[in-house]
Amino acid sequence: MLHNKEASQLAVKSIELLNSDATPKQIDSIRKDWANFITTYDDPFLKILGEVDTKNLKDSIDNLSNKTTSSSS
C-alpha cells in the first residue's frame, strides 16, 4: 500500500504527528484522513496475491500463508 503516493504522505504526516505534541484535534484529523483513505483505497496489486477480503485482511493473509505452505509441500 505504501507504493501509493497518498498512503506514503499520510504515513509521513502520521509519524511527524506522533513525534510532536499533537492536539486531540490534530489526532482526530489524521484519523479521519486514514479512515477516508482506507474506505476509498482499491489496490489492484493485492489482487495478484489471490482473493483479498478487504473487510478481513487477517483472513486474507492467513489464506495466503496457507496457500504458500501447501504449495511448497
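Q: What makes up the largest nonpolar core?

A: The largest nonpolar core has 7 residues: Ala-7, Leu-10, Ala-11, Leu-17, Ile-30, Trp-34 and Phe-37. A nonpolar core is a set of buried Ala, Val, Leu, Ile, Met, Phe, Trp, Tyr and Cys residues joined through side-chain atoms within 4.5 Å. Buried means under 20% relative accessible area, exposed over 50%, and partly exposed in between, with a 1.4 Å probe and protein chains only. Two or more residues of this core are given by each of α1 (5–18) and α2 (24–40), and α1 provides the largest share, 4 residues.

The model is predicted, with local features requiring pLDDT of at least 70 and side-chain atom pairs pLDDT 80 or more, while totals for chains, interfaces and linings use all residues. Residues are numbered from 1 along each chain as its sequence is written, and side-chain values use heavy atoms, leaving out hydrogens and water.

Q: Which elements does the protein contain?

A: It has 4 helices and 0 strands, in the order α-α-α-α from the N terminus. Helices (H or I, at least four residues) and strands (E, at least two) are DSSP runs numbered from the N terminus.

Q: Why is the pair of Trp-34 and Phe-37 called edge-to-face?

A: Rings of Phe, Tyr and Trp (its six-membered ring) pair if their centres lie within 6.5 Å; planes under 30 degrees apart count as stacked, over 60 as edge-to-face and the rest as tilted. The ring centres of Trp-34 and Phe-37 are 6.0 Å apart and their planes stand at 90°, so the pair is edge-to-face. Both residues are buried, and they lie 3 residues apart in helix α2, about one turn of the helix.

Q: How do you know that the length of α1 agrees with its number of residues?

A: The expected span of a helix is 1.5 Å times one less than its number of residues. The 14 residues of α1 should therefore span 20 Å, and its end C-alpha atoms are 20 Å apart, which agrees.

Q: Why are the buried residues of α1 said to lie on the same side?

A: The buried residues in α1 are Ala-7, Leu-10, Ala-11, Ser-14 and Leu-17. They cover an arc of only 125° around the axis, so they are on the same side of α1; the arc is that of the directions from the helix axis to the C-beta atoms. These buried residues pack against α2, contact meaning heavy atoms within 4.5 Å. The face turned away from the buried side of α1 carries the exposed residues Lys-5, Ile-15 and Glu-16.
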